[in-house]
Amino acid sequence: MACGRFNALLRPKIGQWRSLQRAAHYKRTVMPVNTYHRFRRKEQHKLQPQKFKYFLVLDFEATCDNDYFPDMEIIEFPCLKVDSKTFKVVDTFHSYVRPVKHPLLSPFCVELTGIVQDMVDDKPPFPEVLEQFSKWLDDSDISLTEPEPNAAFITCGDWDLQKMLPNQCLLSGLAIPPRMKSWINIKKSFLRATGLYPHGIKDMLSQLNLKHEGRLHSGIDDCKNIVRILHGVAERGYVFEITRTLSLPHKSVSQ
């Protein structure tokens, strides 16, 4: 009987130990160790009102090779308009772009992006695509200018709008559109929200316990996966802010 009373007292403790073992197994096998405790409390957070009504998720693809490749040109220009309340895509701009300086895509570029020569040969060059994109923005309720912008660009890294767009505009003899000089780098937002350094789209999806969908380095597929990361980070209660504004050095004017 004493043994029975002892077992009755011990049974709740055994149940607790088994729960801890199951949690430890889940931590080891399902999620990275350093994210388990943080993201296990996801249900404690709620979507917060965002500063912007829309997010414009953008991801360029450009000509490239497996060695140094000067004068890279944009060959895919996708942008997804995302409602910040629902994180659903409400409109899409997507165009392939015909390169002019190096019109033939390298085998490396084709393999990396999945973009083959036929997909760009009959497409407009960058100036025309940029004009189409500007019209797409103008025909919508998007405002990207001060004092009260209601939208912000989202990129995975700073390369798209800090380097690629300025270089492409220089190559095409165009001014950089003023409304494309500020953006949110989802990597920086992810770091601030989670404390974890993001190594790329697949890594951020994995840390959020999401599976990668589509083809990596397909501009439109990358945009769709960035939207999923955006939503996943917002579900942790994060409110997105502009992380970078382009500031180009002014050319000196001779007196």
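The entries below go from the whole chain to single residues.

**Entry 1: confidence and overall make-up**

I noted before anything else that this is a predicted model. The protein chain averages a pLDDT of 86, and 79% of its residues score at least 70. Where pLDDT is low, the predicted coordinates should not be read in detail. I left both stretches alone.

Next I took the totals. I count nine helices and seven strands in the protein chain. The chain has 255 residues, and 42% of them count as buried. I also looked up contact range. Of the contacts with a separation of 6 or more, 69% join residues 24 or more positions apart.

**Entry 2: the cores**

Which residues have the most contacts inside the largest nonpolar core? I found Leu56, Phe77, Phe133, Phe153 and Met180, in a core of 28 residues. Strands E1 (54–58), E3 (74–83) and E5 (151–155) each supply at least two residues of this core, and so do helices H5 (126–138) and H6 (159–172). H5 gives the most, with six residues. In soluble globular proteins, nonpolar side chains tend to be buried together.

Beyond four places in sequence, phenylalanine 77 is in contact with Leu58, Phe60, Phe93, His94, Ser95, Val97, Phe126, Val129, Leu130, Phe133 and Met180. There is also a second, separate core of 27 residues. Ile201, Met204, Ile220 and Phe240 are among its members.

**Entry 3: threonine 155**

I went to strand E5 for threonine 155. Is threonine 155 buried or exposed? Its relative accessible area is 0%, so threonine 155 is buried. Its contacts, not counting residues up to four places away in sequence, are Leu58, Asp160, Leu161, Trp183, Ile184, Asn185 and Ile186.

**Entry 4: valine 89**

Valine 89 lies in strand E4, which covers residues 89–96. Valine 89 counts as partly exposed because its relative accessibility is 40%, between the 20% and 50% cut-offs. I listed its contacts beyond four places in sequence: Leu80, Lys81, Val82 and Val227. The last one made me check the spacing. Valine 89 and valine 227 are 138 residues apart along the chain, yet their C-alpha atoms are separated by 8.2 Å.

Rolling a probe the size of a water molecule over the atoms shows where empty space is left. The largest pocket has a volume of about 360 Å³. It is lined by 19 residues, and the closest to its centre are Asp59, Phe60, Glu61, Trp159 and His217. Strand E2 (61–62), helix H3 (107–113), H6 and helix H8 (201–207) each give two or more residues to this lining. I sorted the lining of the largest pocket by class and got nine nonpolar, four polar and six charged residues.

How many residues line the second largest pocket? I found 15, with Leu144, Glu146, Pro149, Ser182 and Ile242 nearest its centre. The second largest pocket holds about 270 Å³ of space. E5 gives the most to its lining, with three residues. By class, this lining divides into eight nonpolar, three polar and four charged residues.

I checked the peptide bonds. The one from glutamate 146 to proline 147 is cis, with omega near 10 degrees. Proline 147 sits in the loop between H5 and E5. Glutamate 146 is one of the residues nearest the centre of the second largest pocket.

Asparagine 209 has phi near 65 degrees. It lies in the loop between H8 and helix H9 (219–234). At 39% relative accessibility, asparagine 209 counts as partly exposed.

Histidine 217 is another non-glycine with positive phi, at about 75 degrees. Histidine 217 is also in the loop between H8 and H9. Its relative accessible area is 32%, so histidine 217 is partly exposed.

Methods. Residues are numbered from 1 along each chain as its sequence is written. This is a predicted model: local features need pLDDT of at least 70, side-chain atom pairs count only at pLDDT 80 or more; totals for chains, interfaces and linings use all residues. Side-chain values use heavy atoms; hydrogens and water are left out. A nonpolar core is a set of buried Ala, Val, Leu, Ile, Met, Phe, Trp, Tyr and Cys residues joined through side-chain atoms within 4.5 Å. Buried means under 20% relative accessible area, exposed over 50%, partly exposed in between (1.4 Å probe, protein chains only). Helices (H or I, at least four residues) and strands (E, at least two) are DSSP runs, numbered from the N terminus. Contact means heavy atoms within 4.5 Å. On a 1 Å grid over the protein atoms alone, a cavity is a set of points where a 1.4 Å probe fits but cannot get out, and a pocket is an open set with protein on both sides within 12 Å along at least five of seven lines; lining residues have an atom within 4 Å of a point. Grid points are joined across faces, edges and corners, and a volume is the space filled by probe spheres set on the points. Ala, Val, Leu, Ile, Met, Phe, Trp, Tyr, Cys and Pro count as nonpolar, Asp, Glu, Lys and Arg as charged, and the others, Gly among them, as polar. pLDDT is the predictor's confidence in each residue, from 0 to 100.
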